[in-house]
Amino acid sequence: RFHHTSISHLCSCSKTVSDEKYQDPFQLGRKDLKNLYEDIKKELLVSTAELKEMCDYYFDGKGKAFRPMIVVLMARACNIHHSNSREVQASQRSVAIIAEMIHTASLVHDDVIDDANSRRGKMTVNQIWGERKAVLAGDFILSAASVALARIGNTTIISVLTQVIEDLVRGEFLQLGSKENENERFAHYLEKTFKKTASLIANSCKAVSILGCPDPKVHEIAYQYGKNVGIAFQLIDDVLDFTSCADHLGKPAAADLKLGLATGPVLFACRQFPEMNAMIMRRFSKPGDVERARKYVLQSDGVQQTTYLAQRYCHEATREISKLRPSPEREALIQLTEMVLMRDK
């Protein structure tokens with residue numbers, strides 16, 4: 001894929017990790033995430049069989065558990081930085097569980113808003129059980145996450161993680177609006193990306209750093225790392241919408257255009273093909289708009305520019321996390337920024 005080749009010669013700057021220090025983040029985080037989905041299901045103690053089935057549907061253990069993994073690695077990195085402790089506290093692991101629950105609830109709601117019919121290669125909750133029940137299932141998962149959050153019993157952590165839920169709603173509202181002015185449009189897109197995707201990672205990282213270390217500087221490092229990785233993750237997601245085939249992605253290709261969304265590749269392409277402006281403003285609603293916009297994007301350097309932007313965010317994430325004391329977990333978090341750039345689904 002061409003965005004991979006365009007990355008390879010640029011990535012050398014962040015290859016600060018020598019081979020013997022290379023840590024596979026998924027291997028390193030695995031032991032703290034053992035029984036993650038079983039523990040989530042325990043939080044979702046449900047009286048009705050149908051609601052239970054709906055809640056369990058996405059918690060099938062087949063997700064990558066990307067967010068919980070970042071959270072436990074950050075917890076360890078901060079604990080080692082502060083007190084050389086290699087253990088993850090129970091409350092920090094709870095944050096990882098809550099992060100995955102909030103994320104999944106937001107997927108259920110997103111699928112309703114987008115009228116999506118596939119997610120992770122299978123039918124969506126709203127397609128099987130209908131929109132009304134899907135909305136309620138998403139609400140239920142969020143309420144169970146809130147109960148688990150209250151159980152941690154730390155008011156600072158509660159306010160940090162409830163910020164995520166507010167951001168998710170505000171981000172969805174931002175996505176429903178669009179901007180006339182080109183510069184405003186890009187700022188609007190990045191703000192939406194932060195609120196819908198990066199806030200969860202940033203604030204979860206911040207929460208575990210607060211639980212593991214009293215130093216506000218460390219809290220800021222954790223937050224900035226999560227924010228930058230989260231934005232990069234979404235930028236690459238937006239690139240894959242144009243470069244990856246539907247089977248690979250687990251959702252339809254060009255899905256964002258069909259939803260009327262102008263993501264990074266479209267906004268960059270618009271600078272080369274100003275005739276896309278009208279299409280963006282009418283949210284690709286006319287017959288043929290989606291196909292034409294897709295063609296313009298692939299003819300432009302929109303995919304490449306969005307990939308470069310993701311690299312800049314990953315570079316910033318690496319710069320932040322490198323301020324912590326060296327540890328296998330810190331190296332794994334650096335490694336993770338590379339994996340975000342190289343992923344193809």
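Predicted model: local features only at pLDDT ≥ 70, side-chain atom pairs only at ≥ 80, totals over all residues.
Residues are numbered from 1 along each chain as its sequence is written. Local features need pLDDT of at least 70 and side-chain atom pairs 80 or more, while totals for chains, interfaces and linings use all residues, and side-chain values use heavy atoms, without hydrogens or water.

**Stop one.** Select threonine 197 in helix 10 (residues 182–212); helices are DSSP runs of H or I, at least four residues, numbered from the N terminus. Threonine 197 is buried, at 11% relative accessible area (buried is under 20%, exposed over 50%, partly exposed in between, with a 1.4 Å probe and protein chains only).

**Stop two.** Show aspartate 32 and arginine 76, whose side chains form a salt bridge of 2.6 Å, N to O (a side-chain nitrogen of Lys or Arg within 4 Å of a carboxyl oxygen of Asp or Glu). Aspartate 32 sits in the loop between helix 2 (25–30) and helix 3 (36–43) and arginine 76 in helix 5 (residues 66–83), so the pair ties together parts 44 residues apart in sequence.

**Stop three.** Move to glutamate 43 and arginine 151, joined by a salt bridge of 3.0 Å, N to O. Glutamate 43 is partly exposed, at 23%, and arginine 151 is exposed, at 55%.

Methods
Helix = DSSP H or I, 4+ residues; strand = E, 2+ residues; numbered from the N terminus.
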